[in-house]
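This briefing concerns the packing of helices in a single protein chain. Please look over the sequence and the model before reading the notes that follow.

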Amino acid sequence: MKIQPDLANFAMEMDAPLCLKARRDDWERTMDAPTQDHLIYEASRKSTGVAYLLWFVLGFLGAHRFYLGRTGTAITQLILSCTIIGLIPMVFWWIYDGVRTAGMVEEENVEIIREMQAQGRFLNPAPASHATQFLGVDDDDTKGLSRPSLDPRVEEIRAMRRR
């Protein structure tokens, strides 16, 4: 599985107009590395809903397995579904995949995180607690070490907490 290219260099690779290149420079200055890592992960991660939709609609052809990067078994499913004898095992395999799809999505997303760690990203992949994610603040904010946010609502919440 190939992680998407660094989003900060996207405008340069595509020979974008100068206005987009200027936005890229602004983006690099205003976005910290953990936020960039999170955006790259969100762009690369696999969705359980999409996987189940592909399983339900095109599961006999192995579409959900192609989506999850399991091309070997996906090709096997595709070949089996094209033969009359293969349709019988495909029914059982389709039911098994219905139970197993959520686990396969989770395994693929963990693999994406491992690849990002191998590239030197996501040094601390532990997610923040639900309360701090909802408020848009992180654990550093609770210690008084807040960093500026791009969202003005977060700054308002921080200001109210300081009062």
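The crossing of H6 and H7 is left-handed, where left-handed means that the near helix is turned anticlockwise from the far one by less than a right angle, and right-handed that it is turned clockwise. The model is a predicted one, in which local features need pLDDT of at least 70 and side-chain atom pairs count only at pLDDT 80 or more, while totals for chains, interfaces and linings use all residues. Residues are numbered from 1 along each chain as its sequence is written, and side-chain values use heavy atoms, with hydrogens and water left out.

**The chain as a whole**

- The secondary structure of the protein chain comes to 10 helices and 0 strands, these being DSSP runs numbered from the N terminus (helices H or I of at least four residues, strands E of at least two).
- Buried residues make up 28% of the 163 residues in the protein chain, where buried means under 20% relative accessible area, exposed over 50% and partly exposed in between, with a 1.4 Å probe and protein chains only.
- Of the contacts in the protein chain with a separation of 6 or more, 46% are between residues 24 or more positions apart, a contact being heavy atoms within 4.5 Å.

**H6 against H7**

- Helix H6 (residues 71-81) and helix H7 (residues 87-118) pack at an angle of about 140°, with their axes 9 Å apart; the axes are lines fitted to C-alpha atoms, for helices over the stretch in contact, and angles run from 0 to 180 degrees between N-to-C directions.
- H6 and H7 are therefore oblique to each other, given that angles under 35 degrees count as roughly parallel, over 145 as roughly antiparallel, 65 to 115 as roughly perpendicular and the rest as oblique.
- Thr73, Thr76, Gln77, Leu80 and Ser81 of H6 make the contact with Leu87, Met90, Trp93 and Asp97 of H7.
- By class, the contact of H6 with H7 has 4 nonpolar, 4 polar and 1 charged residues, with Ala, Val, Leu, Ile, Met, Phe, Trp, Tyr, Cys and Pro counted as nonpolar, Asp, Glu, Lys and Arg as charged, and the others, Gly among them, as polar.
- Ala74, Gln77 and Ser81 are buried in H6, and they lie on the same side of H6 because they cover an arc of only 60° around the axis, the arc being that of the directions from the helix axis to the C-beta atoms.
- The buried residues of H6 pack against helix H5 (63-67) and H7.

**H3 against H7**

- The axes of helix H3 (residues 33-44) and H7 cross at roughly 140° and come within 10 Å, so H3 and H7 are oblique to each other.
- H3 passes H7 in a right-handed crossing, with the contact made by Asp37, Ile40, Tyr41 and Ser44 of H3 and Asn109, Ile112, Ile113 and Met116 of H7.
- The contact of H3 with H7 has 5 nonpolar, 2 polar and 1 charged residues.

**H4 against H7**

- Helix H4 (residues 48-58) and H7 pack at about 165° with their axes 9 Å apart, and H4 and H7 are therefore roughly antiparallel to each other.
- The crossing of H4 past H7 is right-handed, and the residues in contact include Tyr52, Trp55 and Phe56 of H4 and Trp94, Asp97 and Val105 of H7.
- The residues of the contact of H4 with H7 divide into 8 nonpolar, 3 polar and 1 charged.

**Isoleucine 95**

- Isoleucine 95 lies in helix H7 and, at 48% relative accessibility, counts as partly exposed.
- Isoleucine 95 and tryptophan 55 are 40 residues apart along the chain, with their C-alpha atoms separated by 9.6 Å.
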